[in-house]
Amino acid sequence: MPKLQGFEFWSHTLGAARHVVAPMVDQSELAWRLLSRRHGAQLCYTPMLHAQVFVRDANYRKENLYCEVCPEDRPLIVQFCANDPEVFVQAALLAQDYCDAIDLNLGCPQMIAKRGHYGAFLQEEWDLLQRMILLAHERLSVPVTCKIRVFPEIDKTVRYAQMLEKAGCQLLTVHGRTKEQKGPLAGAASWEHIKAVRKAVAIPVFANGNIQCLQDVERCIQDTGVQGVMSAEGNLHNPALFEGRSPAVWELAEEYLDIVRQHPCPLSYVRAHLFKLWHHTLQVHQHLREELAKVKTLDGIAAVSQALKLQCQANMSRQEEGVRPSGDLPFFHWICQPYIRPGPKEESRENSGGRSKRALEEEAGSVDGLSKNKQKKQLRNPHKTFDPSLKPKYAKCDQCGNPKGNRCVFNLCRGCCKKRAFRETADCPGHGLLFKTKLEKSLAWKGTQPGLQEPQQVGPGAPGSFSEVMGSALA
């Protein structure tokens with residue numbers, strides 16, 4: 001049977017899905033997908049998988065896809081990051097029997113994607129992307145789809161989408177932010193870009209960005225004309241988003257933990273989900289935040305979640321009628337609700353001059369000016385200091401600038417010292433290099449052996465000398 005394409009694929013294979021859970025690294029695992037499907041999600045993606053690792057590592061395949069086969073977890077799209085057509089197709093061929101489509105990640109904006117040369121950092125390499133999509137379209141038995149970010153210019157974004165469609169992409173998800181819009185600098189997603197893409201292509205389009213509640217979903221579909229809407233952060237803070245409900249946090253937390261007991265996943269995934277679900281409550285009960293960070297078992301996490309539930313119920317019993325939620329929250333903290341990512345302070349934006357995310361995080365840290373990462377390190381080691389003036393000063397190697405050995409006879413680092421000691425047939429006890437001593441011992445031993453001819457020349461260039469032997473070994 002020929003594989004379905006475009007709108008036929010969306011309507012028949014995907015069941016005309018409108019409510020979509022995004023691919024999220026370490027977060028859209030099987031247990032979370034099943035929870036989301038119980039509460040209105042009609043299509044889910046796996047977390048992004050590395051195509052090269054998927055091809056070479058059987059354990060990686062087993063942990064991330066093969067052991068998670070579940071009849072209720074369909075329709076399902078497997079997402080890969082890749083930058084080589086053959087590797088991408090090899091990975092897709094290994095995965096196609098376990099899903100309904102293969103997605104190419106062209107939207108990841110993180111630094112790890114820049115270093116690995118994948119995700120949104122491929123969006124200028126149109127020839128490469130055409131070859132990847134075309135080869136996958138020709139060789140796979142399931143459709144190939146793409147998830148992209150937009151360019152600042154609408155017309156370039158439209159041409160980008162049309163290029164992917166022409167290459168063989170059967171469904172396009174458009175995240176209405178550029179690759180520079182991330183973290184504290186995310187800002188609002190542009191539905192105008194998404195609307196323009198939808199009008200310009202003849203394949204189904206999903207919108208991603210600015211989705212916090214069911215009303216946002218309906219408004220996005222109406223404003224942009226897309227076939228479906230994908231949610232990431234909105235879904236993490238309220239898995240019942242697509243039902244249009246905002247239940248008590250413990251209701252969904254307990255349901256998720258029950259699913260995890262049936263379909264285990266790494267504890268770090270579970271902890272991260274509980275931090276998201278209980279986010280607003282943990283701002284109130286900070287001591288339980290620390291407990292949730294420390295526990296090492298699933299039962300321990302469940303116990304902290306139960307303690308949070310009891311605290312919230314106690315707060316509810318003391319709640320006076322007519323009292324409004326504190327701060328800017330639409331509901332009380334024990335209700336599932338959106339989390340609005342804070343942007344950089346206005347004055348910081350004026351003075352930052354385009355500073356990095358790390359600089360902004362440092363600014364938003366504690367009263368001591370420490371980032372969250374540094375605070376965690378200091379919690380583990382109270383004596384640790386981050387004051388640059390208190391860090392030990394190291395003398396530099398005379399040649400390369402790396403720290404030199406304190407007892408090096410040449411005032412060099414080990415690497416430079418080894419080269420010089422070998423070249424000069426010298427010793428450096430400080431680095432444990434004994435070229436001269438070993439040569440002398442070798443010559444002395446040869447002198448005691450009858451029938452062995454003494455070398456006529458001793459030195460770095462002598463035939464059969466210690467330097468020559470060592471040189472061949474080092475080469």
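This is a predicted model: local features need pLDDT of at least 70, side-chain atom pairs count only at pLDDT 80 or more; totals for chains, interfaces and linings use all residues.
**View 1. Strand S9 (residues 228–231) and the directions of its residues.** Gly228 and Met230 point one way from S9, whereas Val229 and Ser231 point the other way. All of them are buried (under 20% relative accessible area with a 1.4 Å probe, protein chains only; exposed means over 50%). In a regular strand, side chains alternate between the two faces of the sheet. Strands (E, at least two residues) and helices (H or I, at least four residues) are DSSP runs, numbered from the N terminus.

**View 2. The strands paired with S9.** Strand S1 (residues 19–21) runs parallel to S9 and is joined to S9 by three bridges; pairing requires that DSSP finds at least two bridges. His19 stands opposite Val229 of S9. Strand S8 (residues 205–208) is also parallel to S9, with three bridges, and Ala207 stands opposite Val229.

**View 3. Helix H10 (residues 214–224) and its buried face.** The buried residues of H10 are Asp216, Val217, Cys220, Ile221 and Thr224. Seen down the axis of H10, these residues fall within an arc of 130°, so they line one face of the helix; the arc is that of the directions from the helix axis to the C-beta atoms. Gln215 and Gln222, on the other side of H10, are exposed. The buried residues pack against S1, helix H9 (191–200), S8 and S9, contact meaning heavy atoms within 4.5 Å. Gly225, with a positive phi near 80°, follows H10.

**Notes.** Residues are numbered from 1 along each chain as its sequence is written, and side-chain values use heavy atoms, without hydrogens and water. Local features need pLDDT of at least 70 and side-chain atom pairs count only at pLDDT 80 or more, while totals for chains, interfaces and linings use all residues.

Notes:
A crossover is right-handed if, with the strands pointing away from the viewer, the path from the first strand over the helix to the second runs clockwise.
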